[in-house]
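Here is a protein model to explore together, one question at a time. Shall we look at it from the inside out?

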Amino acid sequence: MNIVKLKVAEVRYDLGFDCVRPQFATLYQPFLLASEDDLEPQLQLTFSNKIPKKTLQAFPPLTGACATVVSELSTGFRFCRSEGEMLTNEDFSSCRANHQWRKGLDLTEPFLEGASWVLLALWGWFSLHGGALLHGSLTSIDGQLVLFLGDSGVGKTTLSKLAVGAGHSCLTEENPLLTWKEGTPWVHGMPWPGFMGPPVPLSGPLKAIFFLHHSPQNKLHKLSLQESGRRLLGNARFFSWLPKTIPPTIDLLDQTVGSVPAYDLGFVPDLSAITLIREVL
């Protein structure tokens, strides 16, 4: 068994491959642990390319990053997508993905790029252990971690790239993870779609939240607790396959907006927007 060790959101995560050990994209490099690391894994995901034909025939191709058909088993869950299936135990600490390898797959290129079984397993585990997956960008500005949130197309990636161009760092443009630690909200970088800019700590306290929209001029105002809570709810990815995780996720979001300031930011896509953000941090 070929084992790859990751540390994501301060949690040790082991990926096992019973046939090959594919290479990982550079976006994964900040999360890879040395082979001599002695941390105990809290999650284990094993990959196999042995898939019953009926599994692939039963499920047509699905669209969307996490499009999944799920069934509840007596011992856990079975997730099915067009490329295979993943079986999990009840708390997602042990998962097995029977993944269809593409014919002629070049194993020097990672098949785990983008949202994958890895993200799904991690999301399931954290939904049961006090975490919330968000749709947004996590950026480090002057060493302080901030979230850029909003619907698709509002400029999260644009503003993140502007920050990187100004010498700051973006830990993820798509899937930041939120937890609660030491009485404050913490945010964590994820390898999807990846790390940009100078290396910075991959986890830390959340400093502020910015809900974005394009504007002919830079405009910033602080949101009320009610408004920031409503908007944060709209940017959370609820693990709806486990309904019991939804109330704790809502509680975490409520604690977060009560602990850090949230702003509405209409911005012009140039460095003046980064200057404005730095002024309020």
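Q: How many of the residues of helix α2 (residues 117-127) are buried?
A: Buried means under 20% relative accessible area, exposed over 50% and partly exposed in between, with a 1.4 Å probe and protein chains only; helices (H or I, at least four residues) and strands (E, at least two) are DSSP runs numbered from the N terminus. Trp117, Trp123, Trp125 and Phe126 are among the buried residues of α2. Helix α2 is mostly covered, and the buried residues number 11 of 11.

Q: What share of the 281 residues of the protein counts as buried?
A: The setting is a protein with 6 helices and 17 strands. It exposes about 12,800 Å², of which carbon and sulfur atoms supply 51%, with areas from the Shrake-Rupley method, a 1.4 Å probe and, for residues, only the protein chains shown as cover. The buried share of the residues is 49%.

Q: Which element of the protein has the lowest mean pLDDT, and which the highest?
A: pLDDT is the predictor's confidence in each residue, from 0 to 100. The mean for the protein is 86, and 84% of its residues reach 70 or more. Among the elements, the lowest mean, 52, belongs to helix α1 (residues 53-58), and the highest, 98, to strand β13 (residues 184-188).

Q: How are residues counted here, and what pLDDT do side-chain atom pairs need?
A: Residues are numbered from 1 along each chain as its sequence is written. In this predicted model, local features need pLDDT of at least 70 while totals for chains, interfaces and linings use all residues, side-chain values use heavy atoms without hydrogens or water, and side-chain atom pairs count only at pLDDT 80 or more.

Q: What is the N to O distance in the salt bridge of Arg12 and Asp14?
A: Arg12 is buried, with a relative accessible area of 6%. Asp14 is buried too, at 9%. Their side chains meet with an N to O distance of 2.5 Å.

Q: Which residues are linked with Glu227 in a network of salt bridges?
A: Glu227 and Arg231 both lie in helix α4 (residues 225-234), 4 residues apart, about one turn of the helix. Their side chains meet at 2.8 Å, N to O. The network links Glu227 with Arg230, Arg231 and Asp264.

Q: At what angle do helix α3 (residues 156-165) and helix α6 (residues 271-280) pack?
A: Axes are lines fitted to C-alpha atoms, for helices over the stretch in contact, and angles run from 0 to 180 degrees between N-to-C directions. The contact is made by Leu159, Leu162 and Ala163 of α3 with Leu271, Ala273, Ile274 and Ile277 of α6. Angles under 35 degrees count as roughly parallel, over 145 as roughly antiparallel, 65 to 115 as roughly perpendicular and the rest as oblique, and α3 is roughly perpendicular to α6. The axes are 9 Å apart and the angle is about 80°.

Q: Which peptide bond is cis, with omega near -15°?
A: Most residues other than glycine have a negative phi, and most peptide bonds are trans. Pro193 sits in the loop between β13 and β14 (203-214). The cis bond runs from Trp192 to Pro193.

Q: What is the phi of Phe92?
A: Phe92 is in the loop between β6 (84-89) and β7 (94-99). Phe92 is buried, with a relative accessible area of 0%. Although Phe92 is not a glycine, its phi is positive, at about 65°.

Methods. Salt bridge = Lys/Arg side-chain N within 4 Å of Asp/Glu carboxyl O. Contact = heavy atoms within 4.5 Å.
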